[in-house]
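Hi there,

Here is the structure I promised to pass on to you. Have a look at it first, and my notes follow below.

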Amino acid sequence: MMGPGLEGRQNLNLTEGQLYHPKNACKLFLAFMIEKSKGREKEASDFFPLQEHAPDVAAFYNGKRWKKRNPDYVRNILRYYAGATDLLNELKGR
């Protein structure tokens, strides 16, 4: 791990092993977006809500060649987001 990912992890005081917990992985994703956006024209908040900015997130997070490397990224991230939202709503209802 290096660059914005490492900086985000260190700022969160997380070990690499702690990143396997979904809650910590979400924190690191947000920290990565914040660290990577430093000194750039876009702020991390410009990419949210995720549903409206998924292609922008894909390009920012994975680089401008994301479509070649992972053409399903946008569809997958929206599917994962919907699944996580459903799970959180289900847990709230218990």
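At what angle do the axes of helix α3 and helix α5 cross, and how close do they come? Before the answer, please keep in mind that this is a predicted model. The crossing angle is roughly 125 degrees, and the axes of α3 (residues 50-62) and α5 (residues 73-92) come within 9 Å. Angles from 65 to 115 degrees would count as roughly perpendicular and those over 145 as roughly antiparallel, so α3 and α5 are oblique to each other. The crossing in which α3 passes α5 is right-handed.

As for who makes that contact, α3 contributes Leu50, Gln51, Ala54, Pro55, Val57, Ala58, Tyr61 and Asn62, while α5 brings in Tyr73, Val74, Ile77, Leu78 and Tyr81. By class, the α3–α5 contact has 11 nonpolar residues and 2 polar ones, with no charged residue.

While you have α3 on screen, take a look at His53, which sits in this helix. Its C-alpha atom is 9.5 Å from that of Val74, a residue 21 places away along the chain. Setting aside neighbours within four places in sequence, the contacts of His53 are Asp46, Phe47 and Phe48.

The other pair I looked at is α1 with α2. Helix α1 (residues 3-11) packs against helix α2 (residues 22-37) at about 120 degrees, and their axes are 8 Å apart. These two helices are therefore oblique to each other as well, and α1 and α2 also cross in a right-handed way. On the α1 side the contact involves Pro4, Gly5, Glu7, Gly8, Arg9 and Asn11; on the α2 side it involves Leu28, Ala31, Phe32, Glu35 and Lys36. This α1–α2 contact is made up of 4 nonpolar, 3 polar and 4 charged residues, whereas the one between α3 and α5 has no charged residues.

Now for the overall picture. The protein has 5 helices and 0 strands, giving the pattern α-α-α-α-α along the sequence. Its C-alpha atoms fill a box of roughly 45 × 30 × 25 Å along the principal axes. Of its 94 residues, 29% count as buried. The protein exposes about 7,000 Å², with carbon and sulfur atoms supplying 54% of that area. Finally, if you take the contacts between residues at least 6 apart in sequence, 32% of them join residues at least 24 apart.

Conventions:
Residues numbered from 1 in each chain as written. Predicted model: local features only at pLDDT ≥ 70, side-chain atom pairs only at ≥ 80, totals over all residues. Heavy atoms only, no water. Axes fitted to C-alpha atoms, helices over the stretch in contact; angles between N-to-C directions. Helix = DSSP H or I, 4+ residues; strand = E, 2+ residues; numbered from the N terminus. Parallel < 35°, antiparallel > 145°, perpendicular 65-115°, else oblique. Left-handed = near helix turned anticlockwise from the far one by under 90°. Contact = heavy atoms within 4.5 Å. Nonpolar A, V, L, I, M, F, W, Y, C, P; charged D, E, K, R; others polar. Buried < 20%, exposed > 50% of the residue type's maximum accessible area, 1.4 Å probe, protein only. Areas by Shrake-Rupley, 256 points an atom, 1.4 Å probe, with all protein chains shown as cover.
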